[in-house]
Amino acid sequence: FRKMLNRLPADVLVFLAEFLQTEALSHVCSRLWGLLQRRHISYHITQDRLYEVMDAILGAHVTTARLVFAPGLLNDPLHMDVANHLLAFATHRGTVHTLVLELCLNNLGTAGAHALANLSFSPCLRNLELGLRATNLHDSGIQALTALKDAPVLQCLSLDLRNNNVSDSGVEALRALKDVLKMHTLNLNLRGNNIRNSGAMALATLRHAPALHTISLDVEYNYLGASGILALSSLKDVQTFRSVTLNLGVYDKMGAARQQSTNFSQLGKAC
């Protein structure tokens with residue numbers, strides 16, 4: 001197997017690595033190590049490794065990156081500054097097409113959301129996944145994130161926004177995501193917020209996104225009423241959608257659970 005790979009031209013090897021989106025090929029032999037190292041990276045970033053990871057990334061030709069920040073790490077302003085440098089790298093380097101950032105349980109707030117929104121300037125970013133559970137975003141942070149609608153080539157977007165005290169005001173801003181011209185896949189996890197009917201109706205307008213064909217919405221443990229549930233359920237009837245997954249939940253005004261979880265899947269529908 002190693003001999004076969006060594007016979008392949010460099011551009012073919014790079015193409016294979018891009019297709020697999022893994023660093024595994026770079027460990028096969030010294031030639032592949034020199035050619036492919038640090039194109040596909042994955043780091044769990046703790047306080048002890050923060051500067052080490054930064055040095056490694058800034059000197060690399062990264063195309064896909066998965067960065068998991070330890071909970072609470074970015075509550076330190078100095079560490080947040082380092083993270084902002086990493087974001088600036090991912091935004092302006094022009095080689096990163098797939099980015100996963102896991103930032104849960106870090107106190108990002110609105111300022112952190114604005115820093116993430118700068119990813120909209122990334123010229124090559126096609127796939128973006130942001131894990132933002134319990135990061136103190138509130139409505140203002142969600143509103144800042146909607147700048148991602150201006151990302152020029154974004155195709156797949158996943159936002160984990162659980163437990164951020166988001167109300168209808170913040171969710172209504174998210175309908176701006178329907179203006180992402182090339183986005184065909186959207187995953188929004190809004191579980192455990194303060195969303196009501198108005199917010200649900202705003203989310204239902206995502207049906208007008210021009211290229212969208214796969215959507216997943218999780219709004220369980222919010223405060224939806226009948227009109228909000230009906231508005232979101234209507235997404236299953238959109239003819240251009242290939243797959244629709246909805247997780248719905250209803251709570252009454254006293255906080256008592258009235259579970260109404262619904263899953264819809266429409267696979268194989270015509271585009």
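1. In strand 2, L67 is the residue that stands opposite Y43. The model in which this pair is found is a predicted one.

2. The two strands concerned are strand 1 and strand 2, the latter spanning residues 64–69. They pair in the parallel sense, and six bridges join them. In general, the strands of a sheet pair through backbone hydrogen bonds, in either a parallel or an antiparallel manner.

3. This pairing belongs to an open sheet of eight strands, arranged in the order 1-2-3-4-5-6-7-8 with parallel pairing. Its edges are formed by strand 1 (40–45) and strand 8 (243–247), each of which pairs on one side only. On average, and with direction ignored, neighbouring strands of the sheet are turned by 0 degrees against each other.

4. The second topic is a helix pair. Helix 4 (residues 50–58) packs with helix 5 (residues 77–92) at an angle of about 15 degrees, and their axes are 11 Å apart. Because angles under 35 degrees count as roughly parallel, helix 4 and helix 5 are described as roughly parallel to each other. The crossing in which helix 4 passes helix 5 is left-handed.

5. Which residues make the contact between these helices? Helix 4 contributes L50, Y51, M54, I57 and L58, while helix 5 contributes L78, H79, V82, H85, L86 and F89. Of the residues in the contact of helix 4 with helix 5, nine are nonpolar and two are polar, and no charged residue takes part.

Notes: Residues numbered from 1 in each chain as written. Predicted model: local features only at pLDDT ≥ 70, side-chain atom pairs only at ≥ 80, totals over all residues. Heavy atoms only, no water. Axes fitted to C-alpha atoms, helices over the stretch in contact; angles between N-to-C directions. Helix = DSSP H or I, 4+ residues; strand = E, 2+ residues; numbered from the N terminus. Parallel < 35°, antiparallel > 145°, perpendicular 65-115°, else oblique. Left-handed = near helix turned anticlockwise from the far one by under 90°. Contact = heavy atoms within 4.5 Å. Nonpolar A, V, L, I, M, F, W, Y, C, P; charged D, E, K, R; others polar. Pairing = 2+ DSSP bridges.
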